Amino acid sequence: VPCRPGLGGAIVPRSCDNIPQPGEEPCPLDPWMVVPDRSQYVDQQTLKLQENPEDVPTGELPRNMLLSVDRHLVQLIVPGTRLTVMGIYSIFQASSSSNSHKGAVAIRQPYIRVVGLEDTNEASSRGPANFTPDEEEEFKKFAGSQDVYKNICTKIAPSIFGHEDVKKAVACLLFGGSRKSLPDGVKL
C-alpha cells in the first residue's frame with residue numbers, strides 16, 4: 001500500500017479483492033494488518049509555525065499553522081527560530097475523537113507540506129545591530145541624567161497603573177547585575 005507524503009497517511013482498503021470460491025468463506029472486513037519488518041519508513045516531524053510576535057495586533061493571540069516536515073528536513077530547526085517556509089498547502093481529515101467537533105462528520109484541517117526551509121537572518125529581522133554616533137550620544141546623555149532609574153521604571157508597562165515596586169524590580173532584573181571575573185581570567 002503506497003503511503004502519501006504529509007499527514008494524510010496510508011489508505012488501507014476495507015476489504016480484499018479476493019473472489020470467494022464455492023464453499024469458501026468471504027474475506028472479513030478490515031483483513032489487512034501492518035507488517036513492521038517489511039515496511040519502509042521515512043523520518044517525519046510535525047511543527048507549528050507561528051506569526052512573529054511584533055506583527056500580532058494588540059490584545060490578540062498569534063495565529064499558527066501546522067507544518068509537516070519529512071526526510072532530510074527533520075530536526076533542522078529548534079523552537080523559536082525565525083524562518084521562511086516553502087511548501088504545499090494541503091488538508092487532512094482531523095480525528096473525530098476531539099470534543100470540540102463532536103457530531104461533525106468531515107472536519108478537514110489545513111497544513112503545509114514543507115518542501116524547503118530557510119533560516120531568516122536574525123540581524124535583519126531585529127533591526128540594525130550598529131548604532132549611529134548620534135544614537136550613542138543620546139544613550140550616554142540618558143545614562144548620565146540624574147533620574148535615569150525613575151525614567152526606566154516609568155517606561156515599564158506604562159498602561160498599568162501603580163505597582164511601582166514591581167516595576168522597579170523588573171528594571172533591576174533587566175539592567176542590573178554584577179561584574180564577575182572567573183578564575184581562568186574570563187570577565188562576565
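Student: How exposed is Ala157, by relative accessible area?

Tutor: In this predicted model, Ala157 is partly exposed, because its relative accessible area is 32%. Ala157 sits in the loop that runs between α3 (148–155) and α4 (164–175).

Student: What about phi of Ala157?

Tutor: Phi of Ala157 is near 45°, which is a positive value in a residue other than glycine. Gln75 is another non-glycine residue with a positive phi, in this case near 60°.

Student: Where is Gln75 found, then?

Tutor: Gln75 belongs to the loop between β4 (64–70) and β5 (83–93). Gln75 counts as exposed, because its relative accessibility is 64%.

Student: Let us step back. How many helices and strands does the protein chain have?

Tutor: The protein chain contains four helices and six strands. Along the sequence, their pattern reads β-β-β-β-β-β-α-α-α-α.

Student: And what share of the residues is buried?

Tutor: Of the 188 residues in the protein chain, 15% are buried.

Student: Which residues form the largest nonpolar core?

Tutor: That core has eight residues, namely Leu47, Met65, Leu67, Val69, Leu73, Val74, Ile112 and Val114. At least two residues of this core come from each of β4 and β6 (108–119).

Student: Which element gives the most to this core?

Tutor: Strand β4 gives the most, with three residues.

Student: Changing topic: how many salt bridges does a search of the whole structure find?

Tutor: The search finds three salt bridges. One of them joins Asp30 and Arg14, with the closest N and O atoms 2.7 Å apart. Both residues lie in the loop between β2 (9–10) and β3 (44–50), so the pair ties together parts that are 16 residues apart in sequence.

Student: Are Asp30 and Arg14 buried, partly exposed or exposed?

Tutor: Asp30 counts as partly exposed because its relative accessibility is 43%. Arg14 also counts as partly exposed, at 49%.

Student: What does Arg63 pair with?

Tutor: Arg63 forms a salt bridge with Glu51, and the closest N and O atoms are 3.1 Å apart. Both residues are in the loop between β3 and β4, so this pair ties together parts that are twelve residues apart in sequence.

Student: Buried or exposed: which applies to Arg63, and which to Glu51?

Tutor: Arg63 counts as exposed at 62% relative accessibility, whereas Glu51 counts as buried at 18%. The cut-off for buried is under 20% relative accessible area.

Student: Which residue forms a salt bridge with Arg82?

Tutor: Glu54 is the partner of Arg82, and their closest N and O atoms are 2.8 Å apart. Arg82 lies in the loop between β4 and β5 and Glu54 in the loop between β3 and β4, so the pair ties together parts that are 28 residues apart in sequence. Arg82 is buried, with a relative accessible area of 16%, while Glu54 counts as partly exposed at 48%.

Student: Now the surface. Which residues form the negative patch?

Tutor: The negative surface patch is formed by Asp134, Glu135, Glu136, Glu137 and Glu138. Asp134 is in helix α2 (residues 133–144). Asp134 is exposed, because its relative accessible area is 64%.

Student: Which residues make the nonpolar surface patch?

Tutor: Val166, Val170, Leu174 and Phe175 make a nonpolar surface patch of about 390 Å². Among them, Val166 lies in helix α4. Val166 counts as partly exposed, because its relative accessibility is 45%.

Notes
Residues are numbered from 1 along each chain as its sequence is written. This is a predicted model: local features need pLDDT of at least 70, side-chain atom pairs count only at pLDDT 80 or more; totals for chains, interfaces and linings use all residues. Side-chain values use heavy atoms; hydrogens and water are left out. Patches are made of residues with over 30% relative accessible area and no salt bridge: like charges are joined within 9 Å, nonpolar side chains (Val, Leu, Ile, Met, Phe, Trp, Tyr) within 5 Å. Accessible areas come from the Shrake-Rupley method with a 1.4 Å probe; for residues, only the protein chains shown count as cover. A salt bridge is a side-chain nitrogen of Lys or Arg within 4 Å of a carboxyl oxygen of Asp or Glu. Lys and Arg count as positive and Asp and Glu as negative; His and the chain ends are not counted. The place of a charge is taken as NZ of Lys, CZ of Arg, CG of Asp or CD of Glu. Buried means under 20% relative accessible area, exposed over 50%, partly exposed in between (1.4 Å probe, protein chains only). A nonpolar core is a set of buried Ala, Val, Leu, Ile, Met, Phe, Trp, Tyr and Cys residues joined through side-chain atoms within 4.5 Å.
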